[in-house]
Amino acid sequence: MQSSARTTFNWVFAVATVPAAIGIVGLVYLQIMGTAGCGPGPCPTLNETTFTLVEFGVPAVAVLAVVASFFTARRRGGILVPVIAWALITVAAVVVYLAFR
């Protein structure tokens, strides 16, 4: 892959973490609000620590991926920054899914 194509791909991959993070945080809020009408039984929910990690961690990962891409996008191994960010965002999505299943 040419250098300019690799750089463009890295940037697109890194910037795409921002809407993904917004989607995960929005999903968490929708799931939490959905438990407001929960009946007299055990309601699925996130504990406080997990909620805090998803609420603040996922957007932080996305922002850090974009900031780190300023320094790594043109390098050969620069793709690792968005790949790691996407892996962490995917883990957060799986945790949210499993918590409200």
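Select N10 to begin, a residue of helix α1, which covers residues 3–15; helices here are DSSP runs of H or I with at least four residues, strands are runs of E with at least two, and both are numbered from the N terminus. N10 is buried because its relative accessible area is 1%, where buried means under 20%, exposed means over 50% and partly exposed lies in between, computed with a 1.4 Å probe and protein chains only. If you leave aside its neighbours within four places in sequence, N10 is in contact with T72, A73, R75, G78, I79 and P82, contact meaning heavy atoms within 4.5 Å.

Before going on, note that this is a predicted model, in which local features need pLDDT of at least 70 and side-chain atom pairs count only at pLDDT 80 or more, while totals for chains, interfaces and linings use all residues. Residues are numbered from 1 along each chain as its sequence is written, and side-chain values use heavy atoms, with hydrogens and water left out.

Stay in helix α1 and select S3, which counts as partly exposed because its relative accessibility is 41%.

Now zoom out to the whole chain. The protein has four helices and zero strands, following the pattern α-α-α-α along the sequence. Its C-alpha trace spans about 60 × 20 × 15 Å along the principal axes. The radius of gyration is 17 Å, whereas a compact globule of 101 residues would have one near 13 Å; this radius is taken over C-alpha atoms, and the globule rule is 2.2 Å times the number of residues to the power 0.38. Of the contacts with a separation of 6 or more, 85% are accounted for by residues 24 or more positions apart, and buried residues make up 27% of the 101 residues.

Next, select the largest nonpolar core, whose twelve residues are A20, A21, I24, V28, L46, V54, V58, A62, I89, A92, V96 and F100. The elements giving two or more residues to this core are α2 (17–34), α3 and α4 (80–99), and the largest share, four residues, comes from α2. A nonpolar core is a set of buried Ala, Val, Leu, Ile, Met, Phe, Trp, Tyr and Cys residues joined through side-chain atoms within 4.5 Å. In soluble globular proteins, nonpolar side chains tend to be buried together. Centre the view on F100, which touches Q31, I32, T35, P44, T45 and L46, not counting residues up to four places away in sequence.

Move to helix α4 and select V81, which is partly exposed because its relative accessibility is 21%. Apart from neighbours within four places in sequence, V81 is in contact with A65, A68, S69 and T72. From V81 to A65 the C-alpha distance is 6.0 Å, across 16 residues of sequence.

Helix α3, residues 48–72, holds the next stop, F70, which counts as exposed because its relative accessibility is 61%. Select V63, V67 and F71 together with F70 to show the nonpolar surface patch of about 450 Å² that these residues make.

Finish at T49, also in helix α3, which counts as exposed because its relative accessibility is 55%. Draw a line from T49 to T17: the two are 32 residues apart in sequence, and their C-alpha atoms are 22 Å apart in space.

Notes
Patch = residues over 30% accessible without salt bridge, like charges linked within 9 Å, V, L, I, M, F, W, Y side chains within 5 Å. Areas by Shrake-Rupley, 256 points an atom, 1.4 Å probe, with all protein chains shown as cover. Salt bridge = Lys/Arg side-chain N within 4 Å of Asp/Glu carboxyl O.
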